[in-house]
Amino acid sequence: MALILALESSCDDSAAALVGSDRQILAQAVVGQNDAHRPFGGVVPEIAARAHVEILPGLVRQVLHEADVSIGEVDAVAATAGPGLIGGVMVGLLVGKGLALSADKPLIAVNHLEGHALSPRLVDVKLGFPYLLLLASGGHCQLLEVRGVGDYRRLATTIDDAAGEAFDKAAKLLELGYPGGPAIEELAKDGDPTAVPLPRPLVGTKEPHFSFAGLKGAVQRAVTSGEHRAEDIAASFQQAVVDCFVDRTKRALEKSDAPSLVVAGGVAANASVRSGLKQLAQDFDRRFSVPPGWLCTDNAAMIGWAGAERLAAGLVDELDAPARARWPLDPTGEKVRGAGVKA
Ligand code: KG4
Ligand code: ZN
């Protein structure tokens, strides 16, 4: 059994974890920074980076203490090396390098997206490769065929906003505060998902790409019209996102014979998203897997697990491993018109 000490700092969550290659999570801690960012309605990169400087080292001490493990007993140090807000990535990666250097342990520079992509395998022992993955987070919305550790084929991406970003923008328009996803989901419980007519961008098109910018505009018009209850707008918006997910993933399932469908990333914490995709998997006779909510949103356990998978595959990094703001899982993935920097 290999023991991995893991760090995550790519956005606004500081996290540390101790994860075994036997899928045991010995200890983990996540400290969000919502209060610091809330007044700005979104994550402020420099505030996030400074907060990681203050929070991360204490979290490392905390997880080692909770698990009663010394740094000498870990087999490798895994740290998120991108993609994400570069200041925060640099903080976490450098803490990881310092620990690896001082304890003379291998460093594993983990792609945050690979953390999300492999996260279901931490809790679902039977989930083998390949699987079709809908990765929906605050910064990404992609359909990928996960063929193995470090082996990804991107089938689709968003041509504008990420799905979580759309939730956050809709929540801001409804004055629900940050982060928007959980707030929209809560409000939607009291709303009618058919009450407000909203578009389903790109639904029905041949390639399974996503688009959410138009949906944001439509939510804005619904809010300013003053004709709808906030609950109904939230429920209708959530339903529109689920409909887009289901239609686009259906397209991807037609292109992939992977036996399992998996959804991961922060937006996968949403119950309507989970049930919509579960139904789709059943319709296509594919196995369905989704991690528990705490493993969907950013955490270090998934980074530790990706570290364990990479260590088992002999994939360790040198101490000069770079911090990367952009780091696609499939570097050969076609550029999509309008995709901007979010490919
Ligand atoms: O994976 P994640 O924690 O961070 C990134 O890597 O981006 O995803 C965060 C995103 C945010 O946009 C947040 O609003 C969204 O996931 N999110 C949700 C829910 N929980 C988090 N979206 C919809 N419903 C939720 N319950
Ligand atoms: Zn994430």
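The following dialogue walks through a predicted model, one feature at a time.

Visitor: Which conventions should I keep in mind for this model?

Guide: This is a predicted model, in which local features need pLDDT of at least 70 and side-chain atom pairs count only at pLDDT 80 or more, while totals for chains, interfaces and linings use all residues. Residues are numbered from 1 along each chain as its sequence is written, chains are lettered from A and ligands numbered from 1 in the order in which they are written, and side-chain values use heavy atoms, with hydrogens and water left out.

Visitor: Which residues coordinate the zinc ion (ligand 2)?

Guide: Donors are N, O and S atoms within 2.8 Å of the metal (3.2 Å for Na, K and Ca), and sites may look incomplete because water is not among the atoms. Here His112 (NE2), His116 (NE2) and Asp298 (OD) coordinate the zinc ion at 2.0 to 2.1 Å, with the spacing H-x3-H-x181-D along the chain. His112 in helix α4 (residues 112-123) and Asp298 in the loop between α10 (293-296) and α11 (301-312) link distant parts of the chain, 186 residues apart; helices (H or I, at least four residues) and strands (E, at least two) are DSSP runs, numbered from the N terminus.

Visitor: Is Asp298 buried or exposed?

Guide: Buried means under 20% relative accessible area, exposed over 50%, and partly exposed in between (1.4 Å probe, protein chains only). Asp298 is buried at 16%, and His112 also counts as buried, at 7% relative accessibility.

Visitor: How many aromatic pairs does the structure hold?

Guide: Rings of Phe, Tyr and Trp (its six-membered ring) pair if their centres lie within 6.5 Å, and planes under 30 degrees apart count as stacked, over 60 as edge-to-face and the rest as tilted. The structure holds 5 such pairs, among them Phe129 and Tyr131, which are stacked because their centres lie 5.9 Å apart with the planes at 15°.

Visitor: What is the order of the strands in the open sheet?

Guide: Two strands pair if DSSP finds at least two bridges between them. The open sheet of 5 strands has the order β8-β7-β6-β9-β10, with mixed pairing, and its edge strands, β8 (151-156) and β10 (287-289), each pair on one side only. Strand β6 (residues 131-136) runs parallel to β9 (residues 260-264), joined by 5 bridges, and Leu134 has Val263 as its bridge partner in β9. By contrast, β6 and β7 pair in the antiparallel sense over 6 bridges, and the hairpin that joins them runs through 4 residues. Strand β7 is largely enclosed by the rest of the structure, because 7 of its 8 residues are buried.

Visitor: Which strands does α8 lie across?

Guide: Contact means heavy atoms within 4.5 Å, and axes are lines fitted to C-alpha atoms, for helices over the stretch in contact, with angles running from 0 to 180 degrees between N-to-C directions. Helix α8 lies across β6, β7 (141-148), β8 and β9, at about 155° to β6, and helix α9 (residues 271-283) lies across β6, β9 and β10, at about 170° to β9.
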